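This briefing goes through one protein model by topic. Please look over the sequence and the structure before reading on.

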Amino acid sequence: MPNVSNIHTLNSIKKHSAENMIEVKNLKKSFGDREVLKGINFSIKKGELYGLLGPNGAGKTTTISILSSLLIADSGEVFIENLNLRTDTNAIKRITGVVPQEIALYNDLTALENLMFWGGIYNVPKQELSQKANELLQLFGLEDRKNDRIKNYSGGMKRRINIAAALLHKPKILFLDEPTVGIDPQSRNLIFEVIEKLHHERITIIYTTHYMEEAERLCDRIGIIDNGEIIAEGTLEELKKNSPVKEIISITFSGMNNDNYKKLRSFRSDIKLTENIVHFYTSDAKTELPKLVSFCNQAGLEFNNIEILKTNVETIFLNLTGKQLRD
Ligand SMILES: Nc1ncnc2c1ncn2[C@@H]1O[C@H](COP(=O)(O)OP(=O)(O)OP(=O)(O)O)[C@@H](O)[C@H]1O
Ligand SMILES: [Mg+2]
């Protein structure tokens, strides 16, 4: 006779696709009366590298914190490798590595001591741990600095150890929350190489960032998150193909006020204004631009700069929200 929790697990398995390593359904979270996740949905297949791309405050860390059981969602469901996050929390923790946005290391301990400490938290047997820690120190190019205290490390070196700490128990799934913020290019490249290696080894990865170049370079699929909602999702090609806008004409005006903006809106209503930069969304900038310039000249609107932006994740985001990713 299956007991109640088994029945629960069986139902969970039935309810979602076995193909998916991670399935997130209608996740909601509020802090006080501020709803910061408004129903997040996404699925990730085994071995996929999924990018959660969005500006400050979009809800990336809140999502990752829920997936790593640091926070509890108000509602919604999460399944990780056929396990239900609410009932099988410990089993999920054993197969998941988490790299938090805020570096979580002890400054007075050396890099090796930090790794030994974190490996202990993950219950890695001592001998295996020592071998794995040294292997990871080598992978992250820090073997010769392993006996230095973390307080003497650069930001980029700390980030590398922060990631290494999440890999000690050989997780099948890795959550990386903005792992390259505020670091030098050399550390960033090394981190990219390690992530690409882990991806090659078919570890399932969620990577949050507000850098579109990182999402474009690393991720198989991207979920664009803003204001607690996933507003677009797909491979880079799919996102570009589905975008009605192919190009954006970006004009910086010398003086922008309500009257001038009204004039521009009489030329095209679907424009967006950020300070004194106006964006015109178009499927054909070459044809549109001369008409626009001539309109501005006739209307007496002076501008300093014109740029044509090709569709990329940034312009897709701009079109969907009217905001820059790096607001
Ligand atoms: N513990 C908390 N209490 C109250 N509000 C919170 C808390 N944690 C997050 N928030 C709010 O929830 C929203 C989402 O925050 P979150 O940290 O998930 O964003 P993020 O996408 O990770 O942003 P960033 O790129 O800055 O890291 C923000 O408005 C934030 O102020
Ligand atoms: Mg964050």
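Which side chain meets that of Lys25 in a salt bridge? The partner is Glu23, with a distance of 3.6 Å from N to O. The model discussed here is predicted, not determined by experiment. The protein has twelve helices and 14 strands, and 47% of its 327 residues count as buried. Along the principal axes, its C-alpha trace spans about 75 × 55 × 40 Å.

**Salt bridges**

- In total, the structure holds 15 salt bridges. Side chains of opposite charge can pair when their charged atoms come close.
- Glu23 counts as buried because its relative accessibility is 8%, and the cut-off for buried is under 20%. Lys25 counts as partly exposed because its relative accessibility is 24%, which lies between the cut-offs of 20% and 50%.
- Glu196 and Arg217 also meet through their side chains, at 3.2 Å from N to O. This pair links distant parts of the chain, 21 residues apart: Glu196 belongs to helix H7 (residues 185-200) and Arg217 to helix H8 (residues 212-218). Glu196 is partly exposed at 32% relative accessibility, and Arg217 is partly exposed at 42%.
- Glu201 forms a salt bridge with Lys197, and their closest N and O atoms are 2.8 Å apart. Glu201 has a relative accessible area of 44%, so this residue counts as partly exposed. Lys197, at 39%, counts as partly exposed too.
- A network of salt bridges links Glu48, Arg221 and Glu233.

**Ligand 1**

- There are 13 residues around ligand 1, and those that come nearest are Gly57, Lys60, Thr61, Thr62 and Gln101.
- By class, the shell around ligand 1 divides into four nonpolar, six polar and three charged residues.
- Oxygen atoms of ligand 1 lie close to polar atoms of the protein in several places. A polar backbone atom of Gly59 is 2.9 Å from one such oxygen atom. For Lys60, a polar side-chain atom lies 2.8 Å from an oxygen atom of the ligand. For Gln101, the polar atom is also in the side chain, and the distance to an oxygen atom of the ligand is 2.9 Å.
- On its own, ligand 1 has 640 Å² of accessible area, and the protein covers 63% of that area.
- Which elements give two or more residues to the shell around ligand 1? They are strand E2 (34-45) and helix H2 (60-67). Helix H2 gives the most, with three residues.

**The magnesium ion (ligand 2)**

- Two protein atoms coordinate the magnesium ion at 2.0 to 2.1 Å: OG1 of Thr61 and OE1 of Gln101.
- Thr61 and Gln101 link distant parts of the chain, as they are 40 residues apart. Thr61 is in helix H2, whereas Gln101 is in the loop between strand E6 (96-99) and helix H4 (111-121).
- Both residues are partly exposed: Thr61 has a relative accessible area of 31%, and Gln101 has one of 27%.
- Thr61 and Gln101 are also among the residues that come nearest to ligand 1.

- Ala111 has its place in helix H4. Is Ala111 buried or exposed? Ala111 is buried, because its relative accessible area is 0% and buried means under 20%.
- From C-alpha to C-alpha, Ala111 and Val36 are 35 Å apart in space, and they are 75 residues apart in sequence.

**Positive phi angles**

- Most residues other than glycine have a negative phi. Two residues that depart from this pattern are described here.
- Asn227 is not a glycine, yet its phi is positive, near 50 degrees. Asn227 sits in the loop between strand E9 (221-226) and strand E10 (229-234), and counts as partly exposed at 43% relative accessibility.
- Glu275 is not a glycine either, and has a positive phi of about 50 degrees. Glu275 is placed in the loop between strand E12 (271-274) and strand E13 (277-282). Glu275 counts as exposed because its relative accessibility is 72%, and the cut-off for exposed is over 50%.

Definitions and conventions:
Residues numbered from 1 in each chain as written. Chains lettered and ligands numbered in written order. Predicted model: local features only at pLDDT ≥ 70, side-chain atom pairs only at ≥ 80, totals over all residues. Heavy atoms only, no water. Salt bridge = Lys/Arg side-chain N within 4 Å of Asp/Glu carboxyl O. Buried < 20%, exposed > 50% of the residue type's maximum accessible area, 1.4 Å probe, protein only. Helix = DSSP H or I, 4+ residues; strand = E, 2+ residues; numbered from the N terminus. Near = heavy atom within 4 Å. Polar contact = N/O pair within 3.5 Å; in protein donor to acceptor, adjacent residues only side chain to side chain. Areas by Shrake-Rupley, 256 points an atom, 1.4 Å probe, with all protein chains shown as cover. Nonpolar A, V, L, I, M, F, W, Y, C, P; charged D, E, K, R; others polar. Donors = N, O, S within 2.8 Å, 3.2 Å for Na, K, Ca; no water.
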